Amino acid sequence: MAKKGKKEVPKLSTSSLPDVIFMILFFFMVSTSMRDKDVIVTNVLPQATEITKLDKKNLISIYVGVPLDQQNVAGSAPRIQLNDSFQSTAAIRDFIASEVERRDEAERSKLTVNLRVDENSTMGIVTDVKQELRKAQANKISYAARQK
Amino acid sequence: MEKKKRKVDEINASSMADIAFLLLIFFLVATTMDVDTGMTRVLPPWVDAEKQKDNTDINQRNVLKVSISKGGRILVDEAEYTQADLIRDKQTNESRLSQETKTFLLSPDRSDKKDTVVNNQRLTLSEGVVSLKADKETQYKVYIEVQNELTHAFNEIREDYSQRLYQSSFEDLDPEQRTVISKLVPLKISEAEPNDQTKK
């Protein structure tokens with residue numbers, strides 16, 4: 001067989017690939033939010049049906065649960081986690097005050113304290129937290145729960 | 001005079017895709033998509049211990065007392081409920097507790113019921129308050145389940161009123177109509193003070 005004019009398949013143009021990827025990138029940048037701080041307590045939320053969606057930027061999260069590690073130091077009873085460390089109930093007031101300070105004046109009235117309490121905790125600690133929140137005048141709260 | 005045109009080299013853009021991919025992967029890892037969900041409540045403002053005493057003026061007839069004790073036993077106005085009473089019936093989508101709460105809220109024989117006329121329809125204002133007490137040792141999970149059933153009762157009534165008034169679901173109402181319904185059926189679940197428990 002003699003040389004026949006080889007028919008080459010034209011190269012697939014990849015020049016629009018970056019555009020496509022950028023589009024996906026922008027989609028993710030818009031629709032997602034940055035991961036929260038590390039949770040250092042067990043945090044399996046209870047299930048419920050009568051729940052509403054909450055706007056993330058108006059939330060102050062308080063975690064309650066059993067410490068995940070360092071149990072010899074932190075104990076194995078449910079603890080309160082504010083920011084990135086274990087705190088006592090007495091620290092809640094300062095925590096709320098500093099969180100409120102960080103927000104714009106206009107948004108302060110919308111602030112909600114999101115109680116992310118592990119389902120195996122007992123009500124004792126939750127009630128203590130709630131009493132502290134009342135003292136801190138953070139009366140809008142939400143019991144975080146998953147959809148059943 | 002002809003100037004020799006100098007061709008500017010094109011910038012090689014083939015690595016652009018790689019850069020974009022890298023950024024994409026970074027965002028995929030560092031962000032989350034899940035939405036926060038929860039049951040919202042408004043706590044009563046803090047009152048000092050001395051003032052607290054004369055604050056219990058609500059007509060006892062209009063209060064449905066729900067209390068949860070240590071072992072997950074639930075008492076509703078002296079009647080005992082178990083965990084099974086929190087489970088919804090598949091057909092009616094009601095549990096015994098939510099059913100009971102609904103009947104309580106809508107019961108016609110209470111003194112301070114007010115009828116209001118909205119859109120030419122007579123509707124009964126719900127004045128009932130549900131008081132929820134929980135023992136210190138109560139499991140949070142049980143507490144939320146009870147809260148959920150109580151809220152369900154309120155939501156069902158709201159849904160019912162909204163169908164009657166506006167012929168549409170409460171969720172599809174515009175904010176104004178929502179406030180009308182919310183005023184008719186205020187979500188009154190009072191979470192009792194912890195020291196109330198010892199009184200009983």
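**Close-up views of a predicted two-chain model**

View 1. With 11 C-beta neighbours inside 10 Å, Thr179(B) counts as exposed. The cut-off for that class is 12 or fewer. The model is predicted. Thr179(B) belongs to helix α5 of chain B, which covers residues 175–184.

**View 2. Chain B as a whole.** Its secondary structure comprises 6 helices and 9 strands. Chain B has 200 residues, and 23% of them are buried. Take the contacts in chain B with a separation of 6 or more: 62% of these join residues 24 or more positions apart.

View 3. Helix α3 of chain B spans residues 96–106, and helix α4 of chain B spans residues 140–166. Their axes lie 8 Å apart and meet at an angle of about 45°. The crossing of α3(B) and α4(B) is right-handed. From α3(B), the contact draws on Leu97(B), Ser98(B), Thr101(B), Lys102(B), Leu105(B) and Leu106(B). From α4(B), it draws on Val146(B), Glu149(B), Leu150(B), His152(B), Ala153(B), Glu156(B) and Ile157(B). By class, the residues of this contact are 7 nonpolar, 3 polar and 3 charged.

**View 4. Helix α3(A) has a buried face.** This helix covers residues 92–102 of chain A. Ile92(A), Ile96(A) and Glu99(A) are its buried residues. Seen down the axis of α3(A), they fall within an arc of 65°, so they line one face of the helix. An α-helix has 3.6 residues a turn, so residues three or four places apart point the same way. Asp94(A), Ser98(A) and Glu101(A) are exposed on the other side of α3(A). The buried residues of α3(A) pack against three elements of chain A: β4 (59–65), β5 (79–82) and α4 (123–135).

**View 5. Chain A meets chain B.** Chain A puts 49 residues into the contact, and chain B puts in 40 residues. On the chain A side, these elements each supply at least two residues: α1 (17–31), β1 (33–34), β3 (52–54), β7 (112–117), α4, β8 (140–144) and β9 (146–147). The side of chain A that touches chain B holds 22 nonpolar, 17 polar and 10 charged residues.

Terms used
Residues are numbered from 1 along each chain as its sequence is written. Chains are lettered from A and ligands numbered from 1 in the order in which they are written. This is a predicted model: local features need pLDDT of at least 70, side-chain atom pairs count only at pLDDT 80 or more; totals for chains, interfaces and linings use all residues. A residue is buried if 20 or more other C-beta atoms lie within 10 Å of its own, exposed if 12 or fewer, and partly exposed in between; C-beta atoms are placed from the backbone. Helices (H or I, at least four residues) and strands (E, at least two) are DSSP runs, numbered from the N terminus. The arc is that of the directions from the helix axis to the C-beta atoms. Two residues are in contact if their C-beta atoms, placed from the backbone, lie within 7 Å. Axes are lines fitted to C-alpha atoms, for helices over the stretch in contact, and angles run from 0 to 180 degrees between N-to-C directions. A crossing is left-handed if the near helix is turned anticlockwise from the far one by less than a right angle, and right-handed if clockwise. Ala, Val, Leu, Ile, Met, Phe, Trp, Tyr, Cys and Pro count as nonpolar, Asp, Glu, Lys and Arg as charged, and the others, Gly among them, as polar.
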